[in-house]
Amino acid sequence: MPALAYRSLKPEDLEAICGFVRNPEELFYAGPKFQYPLTPEQILHGLENRYSPTVIISDSTMR
C-alpha cells in the first residue's frame, strides 16, 4: 500500500483536481455549491477564506 503525504496546494494541482469529477452527481458530493463542470476558478473561490490549503498525494510522487 503506498504511503500518503500532504503538501501545500500548487496552482498546477487545480486542473488535476478538476479532472477527478466525472459528472454532476460526483461534483455534488465533492461540493454541493460547485457547478458542473468544475473549474480551477471555482476551487480558488472556495479557498478564499482558507489558510494554507493542502493536497494529499502518494508519497512516491515526492521522490
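How many salt bridges does the count come to in this structure? With a salt bridge defined as a side-chain nitrogen of Lys or Arg within 4 Å of a carboxyl oxygen of Asp or Glu, the count comes to 2. The structure is a predicted model, in which local features need pLDDT of at least 70, side-chain atom pairs count only at pLDDT 80 or more, and totals for chains, interfaces and linings use all residues. Residues are numbered from 1 along each chain as its sequence is written, and side-chain values use heavy atoms, with hydrogens and water left out.

The mean pLDDT (the predictor's confidence in each residue, from 0 to 100) of the protein is 93, and 95% of the residues score at least 70. Confidence is highest in helix H1 (residues 13-20), at 98, and lowest in strand E2 (residues 54-58), at a mean of 94. Helices (H or I, at least four residues) and strands (E, at least two) are DSSP runs, numbered from the N terminus.

Accessibility classes are buried (under 20% relative accessible area), exposed (over 50%) and partly exposed (in between), with a 1.4 Å probe and protein chains only. Asp 13 is buried because its relative accessible area is 12%. Glu 26 forms a salt bridge with Arg 22, with 2.6 Å between the closest N and O atoms. Glu 26 counts as partly exposed, at 25% relative accessibility, whereas Arg 22 counts as exposed, at 64%.

Tyr 6 lies in strand E1 (residues 4-8) and is exposed, with a relative accessible area of 64%.
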